[in-house]
Amino acid sequence: MRRHRLFLSIWFATLGLAALLWRPLCLEGHAAGDPSQAKNFFSQGDSPWSIEAQTLRYDAVNRIYQAEGDVRITSQDKSIRADWAQVDLNRQEAQLAGSVRIQYGSDWLTGDKVIWHLDTETGWVDGGTVYFSENGFYVSGKSITKRGPDRYHVTRGTLTTCDPSSPDWSVSFADMDVTVDGLGWAKHGVLRLGKIPVFYTPFALFPVNRERQSGFLMPSFGSSTLHGPYVEVPFYWAWRQDMDWTFSVNAMEKRGAMLGAEYRIAHATLGEGVWMLNVLEDQADREHLADKGYPFQEKDRYWLRARHSAALPHDVEMFVDVDMVSDRHFLKEFQSGSVSQSATNRAFRRVSQREILNDETVTSRESSLYLLRRWESAAASMDVRYWDQLDRSLDETTLQHLPYIRATMTPSLLESWPAYYAVDSSVVHFWRPEGEKGVRTDIAPSLSSPLQWFPYLTVEPSVGLRSTLYQKDGNGTEGSAFDWRWVPEARLSASTRLERVYRPSDTFAVQHVVRPDVFYTYIPDIDQSDLPLFDSLDRISRQNTVIYGLSSFFTTKKTGFTGTKEPWTAYREWARVGVHQAYLLDGDIEKPPIETQPGKRFSDLQLAVDITPERYLTLSYDATYSPSQTRTTLHDLSLWLNSHRGDWAHVTYRYRQDPSVDELIGSAAVQVHPRLSLYALYDYSFEKQESFKQVYGVQYRHGCWGIRVSYREEAEDREITLALVLVGLGQIGGTFAQEGDLALSTTP
């Protein structure tokens with residue numbers, strides 16, 4: 001059969017006139033249109049269409065086209081393909097049969113028989129499948145009805161991210177309503193692994209696309225000897241494009257209902273942050289809590305935490321950290337679910353690098369408001385800091401900074417003088433309910449004059465005078481009093497620079513720099529015994545000390561050309577090594593700048609090494625050696641190794657002579673196969689000859705599913721976690737604890 005080609009241009013605004021005017025051209029097998037006027041496939045408008053088939057017939061009276069053989073109806077990124085098609089121009093309806101595929105952007109729909117309305121973006125599909133490209137969902141059903149530009153209804157179907165013809169996992173359902181860029185709401189859903197049903201739910205919600213949409217999220221549930229059986233149900237509210245909420249209710253048999261709220265903001269003016277609150281009216285049995293090692297604290301319990309940053313007017317940066325909890329056992333009792341510290345840190349990492357400062361064992365929780373304004377050669381800040389003492393016996397005497405204001409001017413050149421001036425100043429209001437409190441004003445100007453002697457020696461003398469004024473507040477009977485002090489200081493630094501460049505090739509060079517330096521500091525003995533003692537700045541000890549040492553740097557330079565023959569140059573610091581020691585010219589200095597042994601004038605030797613030759617290796621090592629004891633009193637080692645395929649290893653070793661610390665923490669992950677990875681964490685104390693924590697796990701990933709098995713041992717707790725990971729759906733698994741607890745959770 002001879003092949004005919006026909007392109008039809010449809011303009012919805014002038015349908016009747018367009019059909020008559022274009023009829024002769026259409027019979028020749030071609031219709032033209034301006035593609036620049038087209039919109040996306042599923043939208044109303046006057047988009048031009050083209051039709052192409054092996055055989056094409058046109059009924060001018062009824063305005064109906066019939067096409068057979070490799071039928072293609074297209075308009076920009078919209079296309080319809082079928083073995084047979086009948087297009088009714090009056091009704092704007094296309095009846096399609098045989099290997100029907102409707103494509104709109106990256107999403108598509110297939111079926112055996114399809115009735116499609118081009119103008120209203122609606123239709124019906126017999127035995128079809130819809131693919132949503134945003135998250136890789138395939139939705140198949142006995143019948144699919146498209147009820148609008150972004151709404152589907154599916155009966156007797158399945159949902160999966162696997163190959164829909166033979167899925168490794170799927171959710172079958174009786175009915176499901178789907179909103180594109182929204183949620184899928186399924187009734188009578190059954191989770192199947194292969195063909196085996198493993199879980200039933202009367203209703204379920206699925207995120208069809210990544211666009212934010214309000215609705216219930218996947219619940220988590222389980223059982224604990226401390227809380228009893230529990231279930232946590234979260235609800236997500238997409239309040240605004242730049243703000244949203246997640247509310248949750250965690251119903252625990254032995255504790256009552258814990259309410260939770262998480263507020264997220266990413267606003268151009270108000271900034272970016274996360275605020276989280278959990279509250280509980282505790283119904284726990286006091287004897288039961290005491291048996292588990294948690295004496296009853298109080299009935300009304302809560303945890304408020306936040307991380308927030310914003311750019312304020314006049315170039316002021318704002319940082320807010322909040323960590324306030326009702327009692328000392330709250331964080332240790334609730335270590336799972338959305339209220340746990342690990343879940344909180346994950347939420348904080350999404351918006352900032354500031355996690356919770358202290359772990360669940362620390363009873364002093366820190367909150368702060370920090371404002372910062374920078375200039376070219378100066379900076380000013382205000383820090384309002386509050387420590388929430390969970391040991392209530394210390395609450396009345398804990399010193400708070402309300403606020404701490406600081407202004408700093410970096411060294412700036414004096415006009416007509418070969419000298420630089422700098423100023424460091426602060427005003428602090430120290431407050432507490434009981435004990436000494438007051439305001440401290442501190443100003444420390446300094447003057448320096450760098451001198452270049454010969455090409456290789458730099459000498460910089462400097463002098464400063466610290467002035468401190470105290471306004472002491474009494475306890476209601478003594479009134480207020482003023483105290484002040486003057487602390488002069490003199491410093492002298494000298495350094496030289498030796499360097500050499502090595503050129504192994506024309507495109508690679510290494511610069512080695514050695515910089516010996518000497519620092520002298522003199523501060524006279526000033527009596528400060530009658531001054532308030534708020535922090536270390538209130539006691540400036542006498543100094544008559546020389547610090548000497550050397551620093552060594554290795555810097556590489558690489559050159560080359562881009563694909564377009566443009567030259568490029570890259571610099572990288574490969575390594576940095578520093579060694580320093582102090583000598584006390586006066587032997588009875590109480591607080592030397594580098595720690596010394598009692599009665600010794602030579603301080604401990606300090607070594608610092610940083611090595612970063614490439615992005616796959618990072619090494620940091622600090623050590624302190626005591627000449628008088630002929631032994632090392634401090635070790636700090638941190639080593640990171642990474643590979644291009646995702647393997648990594650991290651080793652941290654810490655040693656302190658006083659207080660005694662000697663521990664090794666190692667963690668690693670190895671991709672032994674594209675589908676199989678192993679990971680481990682080990683925390684061991686050489687001093688106590690026992691491990692603090694061990695974690696071992698294996699994860700297998702195959703296409704649209706995976707499985708994770710891990711073992712954790714910490715103190716007296718031991719648990720095994722099994723989790724089935726379903727791509728697009730989340731994970732479901734169980735944690736078997738030492739006492740037989742089982743916690744099942746699903747994570748979207």
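The legends below describe close-up views of a predicted model of one protein chain.

Figure 1. The protein chain has 748 residues, of which 39% count as buried. Its accessible surface comes to about 40700 Å², and carbon and sulfur atoms account for 56% of that area. Among contacts with a separation of 6 or more, 43% are between residues 24 or more positions apart.

**Figure 2. Confidence along the chain.** The average pLDDT of the protein chain is 83, and 87% of the residues score at least 70. The element with the lowest mean pLDDT, 32, is helix α1 (residues 15-27), while strand β18 (residues 271-281) has the highest, 96. The pLDDT is below 50 over residues 1-45, a stretch with 103 contacts in the model beyond near neighbours in sequence. Residues 734-748 also have pLDDT under 50. For residues 734-748 the model has 55 contacts beyond four places in sequence.

**Figure 3. The disulfide between C162 and C704.** The structure holds one disulfide. A disulfide is a covalent bond between the sulfur atoms of two cysteines. The sulfur atoms of C162 and C704 are 1.6 Å apart in the model. The torsion about their S-S bond is about 85°, so the disulfide is right-handed. C162 lies in the loop between β9 (151-160) and β10 (169-179), and C704 in the loop between β39 (690-702) and β40 (705-714). The two cysteines are 542 residues apart, and the pair links distant parts of the chain. Both C162 and C704 are buried.

**Figure 4. Aromatic rings, including the pair of Y700 and W705.** The structure holds 18 aromatic pairs. One of them is formed by Y700 and W705, with 5.8 Å from centre to centre and 55° between the planes, and this pair is tilted. Y700 counts as partly exposed because its relative accessibility is 28%, between the limits of 20% and 50%. W705, at 23% relative accessibility, also counts as partly exposed. Elsewhere, Y653, Y682, Y684 and F686 form one aromatic cluster.

**Figure 5. Arginines over tryptophan rings, and the surroundings of Q341.** R101 lies over the face of W108, at 4.6 Å from the ring centre. R305 lies over the face of W303, at 4.1 Å from the ring centre. W303 is also among the residues that Q341 touches. Beyond residues up to four places away in sequence, Q341 has contacts with W303, L331, I356, N358, D359, E360 and R365. Q341 belongs to helix α4 (residues 341-349). With a relative accessible area of 14%, Q341 is buried.

**Figure 6. Backbone exceptions at P403, Q92 and T630.** Most residues other than glycine have a negative phi, and most peptide bonds are trans. L402 and P403 are joined by a cis peptide bond, with omega about -5°. P403 is placed in strand β23 (residues 400-413). Q92 is not a glycine, yet its phi is positive, near 55°. Q92 sits in the loop between β4 (78-88) and β5 (93-104). Its relative accessible area is 4%, so Q92 is buried. T630 is another residue other than glycine with a positive phi, about 50°. T630 is in the loop between β34 (617-626) and β35 (631-642). The relative accessible area of T630 is 57%, and T630 is exposed.

Terms used: Residues are numbered from 1 along each chain as its sequence is written. This is a predicted model: local features need pLDDT of at least 70, side-chain atom pairs count only at pLDDT 80 or more; totals for chains, interfaces and linings use all residues. Side-chain values use heavy atoms; hydrogens and water are left out. Rings of Phe, Tyr and Trp (its six-membered ring) pair if their centres lie within 6.5 Å; planes under 30 degrees apart count as stacked, over 60 as edge-to-face and the rest as tilted. Buried means under 20% relative accessible area, exposed over 50%, partly exposed in between (1.4 Å probe, protein chains only). A charge sits over a ring if NZ of Lys or CZ of Arg is within 6 Å of the ring centre and within 35 degrees of the ring normal. Helices (H or I, at least four residues) and strands (E, at least two) are DSSP runs, numbered from the N terminus. Contact means heavy atoms within 4.5 Å. pLDDT is the predictor's confidence in each residue, from 0 to 100. Accessible areas come from the Shrake-Rupley method with a 1.4 Å probe; for residues, only the protein chains shown count as cover. A disulfide is a pair of cysteine sulfur atoms within 2.5 Å.
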